[in-house]
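Here are my notes on this model. Please keep the structure open while you read them.

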Amino acid sequence: AGPADYNYDESLSTLRYASRAKNIKNKPVVNEDPKDAKLREHQEEIARLKSLLSKMSSDACATNHVPGNTANGLTEETLTEGSRLKM
């Protein structure tokens with residue numbers, strides 16, 4: 001009720017191969033040109049800063065601050081300068 005004795009080595013080898021194959025883990029990676037990746041990162045940073053600036057401007061308008069100043073003292077120039085320092 002089992003494989004023939006003469007196939008034992010081949011069966012054992014097949015089972016070992018199947019065990020190793022089952023443990024293989026793939027890590028897919030998107031192939032992306034480094035320049036395109038950097039461009040995408042900059043675009044995301046610009047969108048994030050615009051959103052932050054918009055939020056800060058609406059907070060400033062709601063609290064009747066002088067235009068250009070925000071509740072925490074940052075201006076658009078300060079934010080732009082901070083962004084340049086990260087590069």
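Predicted model: local features only at pLDDT ≥ 70, side-chain atom pairs only at ≥ 80, totals over all residues.

1. Start with a term. A salt bridge is a side-chain nitrogen of Lys or Arg within 4 Å of a carboxyl oxygen of Asp or Glu.

2. Now the overall layout. The protein chain has 3 helices and 0 strands. From the N terminus on, the order is α-α-α. Buried residues make up 8% of the 87 residues. The accessible surface is about 8,000 Å², and carbon and sulfur atoms hold 55% of it.

3. Look at helix H1, residues 8–22. Its 15 residues reach 21 Å from first C-alpha to last, close to the 21 Å expected. The number of buried residues in H1 is 0, so the helix lies largely in the open.

4. Helix H2 covers residues 34–62. It has 29 residues and reaches 42 Å, close to the 42 Å expected at 1.5 Å a residue. Its buried residues are Ala-37, Leu-49, Met-56 and Ala-60.

5. Back to Arg-40. Arg-40 and Glu-44 both lie in H2, 4 residues apart, about one turn of the helix. Arg-40 also meets Glu-32 in a salt bridge, at 3.2 Å, N to O.

6. Glu-32 is partly exposed at 38%, and Glu-44 at 46%.

7. The structure holds 5 salt bridges. One of them joins Arg-48 to Glu-45, with the closest N and O atoms 2.9 Å apart. Both residues lie in H2, 3 residues apart.

Definitions and conventions: Residues numbered from 1 in each chain as written. Heavy atoms only, no water. Helix = DSSP H or I, 4+ residues; strand = E, 2+ residues; numbered from the N terminus. Expected span 1.5 Å × (residues − 1). Buried < 20%, exposed > 50% of the residue type's maximum accessible area, 1.4 Å probe, protein only. Areas by Shrake-Rupley, 256 points an atom, 1.4 Å probe, with all protein chains shown as cover.
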